[in-house]
Amino acid sequence: MARTVADQFVETLAAAGVKRIYGIVGDSLNGLTDAIRRHGKIEWIHVRHEEVAAFAAGAEAHLTGELAVCAGSCGPGNLHLINGLFDCHRSRVPVLGIAAQIPSAEIGSGYFQETHPENLFQECSHYCEFVSVANQMPRALEVAIREAIGKRGVSVLVLPGDVALHEAAHAPPAKVGGLLPPAPLATPSRHELDRLAALLNGDSRITVLCGSGCQGAHDELLAVGERLKAPMVHALRGKEHVEWDNPYDVGMTGLIGFSSGYYAMRDCDVLLMLGTDFPYRQFYPEGGEVRIAQVDIRAENIGRRAAVDLGVVGDVRATLAALLPLLKDKRDGAHLAQAQQHYAKARKALDELAVGTPGKRLIHPQQVAKAISDHAAEDAVFTCDVGLPTVWAARYLAMNGKRRLIGSFWHGSMANAMPQGIGAQAAFPGRQVISLSGDGGFTMLMGDLLTLVQHRLPVKVVVFNNSTLGFVQLEQMSTGFIDFGTEFKNPNFAAMAEAVGIRGIRLEDPGEVNDGVAAALAHDGPVLIDAVVNRMELAMPPSITVEMAKGFTLFMVKAVLSGRGDEVVDLAKTNLWR
């Protein structure tokens, strides 16, 4: 049998270190999947929905930093990839999407399942190219891999099924040295470092805001905190890199953050932003009285969210290492002490919300999240759905430098957690993977619960079962709307899991939480925890605006007038009278 374009494609992926491809087979993918079968060194992860394939690939890329791959057949197959690929691209993880295409001779004729992926995927990729002939493919694939790795994002190759079966053109084998170029180390000039040091060496109160760009810079962050006596606030994507063993960390800011993080940023003279593109402008200092310095490897991030007095382009770790010798020791630690005391108070208040009383239903979701954190392995990988599961993950999962946290933190898609758990577990079969899923997100892609069984992936899926789109309900209430269209009629998810061969544990009483979570995490295989939690739990923001207060008041008046006064009472009992 002649060597085909598909064979050449698979060989190049293997040279790039690709170990698995997530997807669903289809006629336009047959040439490629058969080449994978014959090659024998790349695993095919058969998911039940292509959106899951893209989320799973993104999770693998997030954890490994290496290229991950997903694939979809022509038309609807590859269209299903698009939401997950948007998430990968916005999360800046290296993923290659393979979009199979209808027979090349039929393109442009309105053929069955015809779409134009080379146009559709442009917005969620650095590189998106249609492969029309055999001798184009080798270079196009190599460019796609380099773009995804070098720019940290998505590349998409569109490959008609018939072209995949053509005889491969002669081309030299891909060389790893050119295929996987190492990331550059960017350090600012001495002039820029001197300017930054001059800003930080004054008598001003300094607060540091840390994001995902602080990955690998933990030691340098602690040294800066000690030198400047500066409290550190982290954005959500900075949590796994900044929070642990850090006496200067005073919590997260933003709508789901801590009051201590909010006020540490507002009550300072200088804000130092490190590797963050934190998007919510209302949480930045106002009025122009606070001077802002921003360090980021991407120049386009400088000044995008707040007006900065000094922008420095550079890798956070390298920049801090070069900056530290230029910084003076501050003696006044009052600003840091005040922020630390505020954080201790906020942390204590949140921990008190995570205590349940046996026999008193319903369960507080905070109790479930804290129990998961307490019982999880030291190197556990957590994934969380958007909405309230992200709130509980941000506030109650303790990081330690080995644990990882993945979510749809930029794209904000529902249904990401279990699919990302699939990718994390496939990449690290011996590691504990825990998905914190909302009942809305879980049921959206619930079919891929079967993937855990089929591929023997021991993911622990925790479903916060409050029978509502909880965060949407909170948004509606906070703006004065009667909650509408948010309610679910859910089955017993634990019983459903048992029916498909997964251990199911249903928690309905606070007294069951600790033992139930411990048993689930100790089980050698996939588990679904169906945690029936209080629908009326409020995830209060760190600062309540006048508009929010007006909104809740308006909601309560409307609820009473609509004959739903019992819900107002339940809301008060849950959040005020515990």
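**Close-up views of a predicted model**

**View 1. The surroundings of Ala-415.** Ala-415 sits in the loop between β14 (404-407) and α18 (417-427); helices (H or I, at least four residues) and strands (E, at least two) are DSSP runs, numbered from the N terminus. Its phi is near 70°, a positive value in a residue other than glycine. With a relative accessible area of 2%, Ala-415 is buried (buried means under 20% relative accessible area, exposed over 50%, partly exposed in between; 1.4 Å probe, protein chains only). The model is predicted: local features need pLDDT of at least 70, side-chain atom pairs count only at pLDDT 80 or more, and totals for chains, interfaces and linings use all residues. Residues are numbered from 1 along each chain as its sequence is written, and side-chain values use heavy atoms, leaving out hydrogens and water.

**View 2. The loop residue Asp-245.** Asp-245 belongs to the loop between α12 (239-242) and β9 (249-252). Phi of Asp-245 is near 45°, a positive value in a residue other than glycine. Asp-245 is exposed, its relative accessible area being 61%.

**View 3. An open sheet of six strands.** The strands follow the order β14-β13-β15-β16-β18-β17, with parallel pairing; two strands pair if DSSP finds at least two bridges between them. At the edges lie β14 and β17 (503-507), each pairing on one side only. Strands β13 (residues 381-384) and β15 (residues 433-438) run parallel and are joined by four bridges. Thr-383 has Ser-435 as its bridge partner in β15.

**View 4. Arg-139 in helix α7.** Arg-139 is part of helix α7 (residues 137-151). Arg-139 counts as exposed because its relative accessibility is 66%.
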